[in-house]
Amino acid sequence: MGVVLLGQWPSVSTTWVPNLHFRGNQEHLSRKTCFKVKSCVSSPPPVIQLVGRRTPSLYESGNANLDIALDGYGGDFDWVDLDSDLYYWTKELRPVQWYPGHIAKSERELKEQLKLMDVVIEVRDARIPLSTTHPQMDSWLGNRKRILVLNREDMISKVDRNSWASYFARQGVKVVFSNGKLGMGTMKLGRFAKALGASVNNKRRAKGLLPRPVRAGVVGYPNVGKSSLINRLLKRRMCPAAPRPGVTRELKWVQFGKDLELLDSPGILPMRISDQTAAIKLAICDDIGERSYNVIDVATILVKMLNRLPAVGVKALQSRYKIDVEGHCGATFIHKLAVHLFNGDNHQAAFRILSDFRKGKFGWVALERPPR
């Protein structure tokens with residue numbers, strides 16, 4: 001890779017500078033190679049042009065590899081600032097609330113079934129693990145053993161996975177990363193559930209009772225992949241599953257071999273979502289009913305977030321939709337996209353952006369990071 005240095009230096013000194021390599025849209029310093037340059041003492045820094053090597057586009061194909069080799073996206077990116085802005089953006093919107101009748105019924109039944117469970121498998125969306133946490137889950141579970149599953153691991157980067165794994169490990173929580181569509185992580189989940197439930201049969205044997213299958217309840221928000229995980233574990237379609245919230249409406253016990261029984265449960269949401277930043281993230285990730293939110297409002301906020309995230313940024317949106325993004329807010333960009341592709345239909349343009357994000361067209365993008 002050639003390097004062209006432009007500028008004038010009244011006095012110069014020779015030094016060794018690490019070679020610049022670009023991986024994705026992040027600039028990295030490689031320790032392997034260096035090049036010799038002349039640096040100025042009392043004038044503006046030289047302009048550095050990188051020539052002779054094309055920087056690869058991150059978004060030329062669907063799920064491009066956005067595995068950034070830094071501890072976080074771009075080192076100095078502040079997730080707290082993004083959450084603060086998100087709070088400001090959502091203040092003027094109509095509150096997002098969704099609590100269909102079947103959820104209230106399912107919540108009552110689930111509380112009763114929890115008494116029978118040896119292990120609880122809580123499934124969350126790996127893109128938004130905090131926003132897919134039910135505020136009452138801890139009080140419901142009490143001292144019961146729990147396995148936390150972060151599903152859709154294929155939609156976040158390795159850096160994100162490591163950050164969340166470290167965060168929950170410090171809390172003493174067992175975490176399994178899974179991909180319900182492809183079955184990754186399901187066998188490990190089954191082994192964890194059996195191992196945690198083994199103490200149940202040890203107690204039964206001590207009382208002279210015969211062993212029984214370990215009972216594990218699978219719980220979580222709507223559309224986080226609970227039924228898909230169970231189907232992958234069983235290697236057959238025993239539970240209804242579809243990529244939209246509210247498909248599972250009844251509790252159902254299914255047998256996994258001779259040692260494990262699994263309870264598939266409908267998605268459970270709090271009756272009222274007080275944290276509207278979390279509600280917007282649920283809408284973006286399709287973990288809440290579409291009737292609960294305005295598609296254009298949610299897509300507008302998503303565009304603003306993607307512009308801010310170093311793993312995506314303005315160039316990714318420009319590259320995908322072939323329209324200028326610079327200097328435009330989310331609403332203006334959606335309108336430009338509507339004129340460009342959908343004959344001025346803002347709703348269709350907004351839905352396209354949300355759909356592209358949900359399908360991973362912007363790469364591996366998490367919308368949350370562990371609190372510091």
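Me: What makes Gly-313, Ala-316, Leu-317 and Tyr-321 of helix H9 count as buried?
Reply: Buried means under 20% relative accessible area, exposed over 50% and partly exposed in between, with a 1.4 Å probe and protein chains only. Gly-313, Ala-316, Leu-317 and Tyr-321 are the buried residues in H9, which runs over residues 313-321. Helices here are DSSP runs of H or I with at least four residues, strands are runs of E with at least two, and both are numbered from the N terminus. Keep in mind that this is a predicted model: local features need pLDDT of at least 70, side-chain atom pairs count only at pLDDT 80 or more, and totals for chains, interfaces and linings use all residues. Residues are numbered from 1 along each chain as its sequence is written, and side-chain values use heavy atoms, with hydrogens and water left out.

Me: How do you know that the buried residues of H9 line one face?
Reply: Seen down the axis of H9, they fall within an arc of 110°, so they line one face of the helix. The arc is that of the directions from the helix axis to the C-beta atoms. These residues pack against helices H8 (295-308), H10 (330-341) and H11 (346-358), where contact means heavy atoms within 4.5 Å.

Me: Why is Lys-322 called exposed?
Reply: Its relative accessible area is 61%, and the cut-off for exposed is over 50%, so Lys-322 qualifies. Lys-322 lies in the loop between H9 and H10 and has a positive phi of about 60° although it is not a glycine.

Me: What makes a positive phi worth a remark?
Reply: Most residues other than glycine have a negative phi. Arg-152 also has a positive phi, about 65°, without being a glycine. Arg-152 sits in the loop between strand S6 (145-151) and helix H4 (158-170).

Me: Is Arg-152 buried or exposed?
Reply: Arg-152 has a relative accessible area of 17%; the limit for buried is under 20%, so Arg-152 is buried.

Me: How do you know that the span of helix H1 agrees with expectation?
Reply: The expected span is 1.5 Å times one less than the number of residues. For the twelve residues of H1 (79-90) that should be 16 Å, and the end C-alpha atoms are 16 Å apart, so the two agree. Trp-79, Leu-82, Leu-86, Trp-89 and Thr-90 are buried in H1. Viewed down the H1 axis, the buried residues fall within an arc of 85°, so they line one face of the helix. Val-80, Tyr-87 and Tyr-88 are exposed on the other side of H1, while the cover over the buried residues of H1 includes helix H7 (276-284) and H8.

Me: What makes a set of residues a nonpolar core?
Reply: Its members are buried Ala, Val, Leu, Ile, Met, Phe, Trp, Tyr and Cys residues joined through side-chain atoms within 4.5 Å. The largest such core has 69 residues, and Ile-121, Leu-262, Ile-288, Leu-306, Phe-357 and Leu-367 touch the most other members. H8 gives the largest share of this core, eight residues.

Me: Which parts of the model have pLDDT under 50?
Reply: pLDDT is the predictor's confidence in each residue, from 0 to 100. It stays under 50 over residues 1-75 and over residues 240-247. The mean for the protein chain is 76, and 75% of its residues reach 70 or more.
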